[in-house]
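I am opening a notebook on a structure that is new to me, and I will write down what I looked up in it, entry by entry.

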Amino acid sequence: MNKSSCPPINFDFAGRFLPPVFILVFIIGLVANGWGLKSLLQNWKKLHIINVFVLNLGLADILYLLTLPFLMVYHFKGSKWIFGDTFCKITRFCFNLNLYGSIGFLTCISVYRYMAIVHPVRMMGRSTLTHSVGISVMVWFFVSVQSLPDMFYSKTFGNKPGKCYDTTSSIYVEDYLKYSLGWTLTGFCIPFLITLGCYGHVTVVLCRTNTTDKVLKQRSLKLLLITILLFSVCYIPYHVLKNLSLWSRVLPKQNICREWFNGVYIAKQISRGLVCLNSALNPLVYLHGSEDIPAQLGQLLQRARRMSSRLFPSSSASVAMTQITDEA
């Protein structure tokens, strides 16, 4: 199939699909992450090692969530970017910091859980709050270095209102594909394998031993399920389809067309919606990764129940009063 007979691409799909997803993620993510960060900061003096990683995870989410209103405007205006080339690059940079920062801090949490459960003796006295802060700084630095080259690729058509590419324009797509493949390897594949290995070993140890604290065992297994959910729903489809979509843009420049180009484009837009869900799903890590927030959530629910019981008398009391009235 030659270039002239390439099937048409449904570019309107992104404008219909992404804005509702952005609105949902913005509302849920802002509320959940805001509450989680507030709970952590209120107990700053009790900040534990793993909570430092959870805190940074929440900061990465907030950083991305604040850019979503601008992306909503972009799609509501029919994919017309009106905020300039520089701010387009900043918006995409914040997305990358959120994505790979989240992956990095989830990896740190998994390694910490692995060391605490599989090698508890080695962890005694060696893992401190200072170490976790230093590791967090290294994660931010490494993610920033990985994401920085992306800002040098063209994202818009000059200074005129137009596109704000999440990758780059067709002129530089061949070089960007090579960069993206290396970025996927270092920013996603390696951390994913580390996380998988850590939780896999932890699961084996927890299943074999009966001396492990039940609360710790349940929390670790729930974190494993949450991590699998995040990687399988948010991260894996995005990285696979991002690189496949870039490849589908390279082939027409070589006068090669395939019927699956349109399907890959649509699937890639769906994966963009799924990957931004990580900002709404990451607060689940607060509940099972933090050592204080679950107790605070329980207290909050108890207060809500007491308040509702005061405002609305129980239905059982109403039924009892009805029966007394009928008998009288």
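The entries below go from the whole chain to single residues.

**Entry 1: what I am looking at.** I note that this is a predicted model, in which local features need pLDDT of at least 70 and side-chain atom pairs count only at pLDDT 80 or more, while totals for chains, interfaces and linings use all residues. Residues are numbered from 1 along each chain as its sequence is written, and side-chain values use heavy atoms, with hydrogens and water left out.

**Entry 2: the whole chain.** I looked up the secondary structure and found 13 helices and zero strands, where helices (H or I, at least four residues) and strands (E, at least two) are DSSP runs numbered from the N terminus. Of the 328 residues, 44% count as buried; buried means under 20% relative accessible area, exposed means over 50%, and partly exposed is in between, with a 1.4 Å probe and protein chains only. The accessible surface comes to about 17300 Å², and 67% of that belongs to carbon and sulfur atoms; the areas come from the Shrake-Rupley method with a 1.4 Å probe, and for residues only the protein chains shown count as cover. I also looked at contacts (heavy atoms within 4.5 Å): among those between residues at least 6 apart in sequence, 81% join residues at least 24 apart.

**Entry 3: helix α2.** I followed helix α2 (residues 49-65), whose 17 residues reach 25 Å from the first C-alpha to the last, close to the 24 Å expected at 1.5 Å a residue; the expected span is 1.5 Å times one less than the number of residues. Because 15 of its 17 residues are buried, α2 is largely enclosed by the rest of the structure.

**Entry 4: a nonpolar patch.** On the surface I found a nonpolar patch formed by Ile23, Leu24, Ile27, Ile28, Val31 and Phe76, with about 580 Å² of accessible area together. Patches are made of residues with over 30% relative accessible area and no salt bridge, like charges being joined within 9 Å and nonpolar side chains (Val, Leu, Ile, Met, Phe, Trp, Tyr) within 5 Å. Helix α1 (residues 12-42) gives the most to this patch, with five residues. Phe76 lies in helix α3 (residues 68-76), and it counts as exposed because its relative accessibility is 58%.

**Entry 5: salt bridges.** How many salt bridges are there? I counted five, taking a salt bridge as a side-chain nitrogen of Lys or Arg within 4 Å of a carboxyl oxygen of Asp or Glu. In one of them, Lys89 pairs with Asp85, the closest N and O atoms being 3.7 Å apart; both residues lie in helix α4 (residues 85-118), four residues apart, about one turn of the helix. An α-helix has 3.6 residues a turn, so residues three or four places apart point the same way. Lys89 counts as buried at 18% relative accessibility, whereas Asp85 counts as partly exposed at 21%.

Glu174 forms a salt bridge with Lys253, with the closest N and O atoms 3.3 Å apart. This pair links distant parts of the chain, Glu174 being in helix α7 and Lys253 in the loop between α8 (214-250) and α9, 79 residues apart. Glu174 is partly exposed at 29% relative accessibility, and Lys253 is partly exposed at 37%.

**Entry 6: around Asp166.** I then turned to Asp166, which forms a salt bridge with Arg272, the closest N and O atoms being 3.9 Å apart. The two are 106 residues apart and link distant parts of the chain, with Asp166 in the loop between α6 (129-147) and α7 (173-208) and Arg272 in helix α9. Asp166 and Arg272 are both buried.

Lys268 lies in helix α9 (residues 261-276) and counts as buried because its relative accessible area is 5%. Its side chain makes a polar contact with the side chain of Asp166 at 2.6 Å; a polar contact is a pair of N or O atoms within 3.5 Å, where within protein one must be able to donate a hydrogen and the other to accept it, and residues adjacent in sequence count only if both atoms are side-chain atoms. Leaving aside neighbours within four places in sequence, Lys268 is in contact with Asp166, Thr167, Leu241, Lys242 and Ser245.

**Entry 7: a backbone angle.** Ser79, in the loop between α3 and α4, has a positive phi of about 60° although it is not a glycine.
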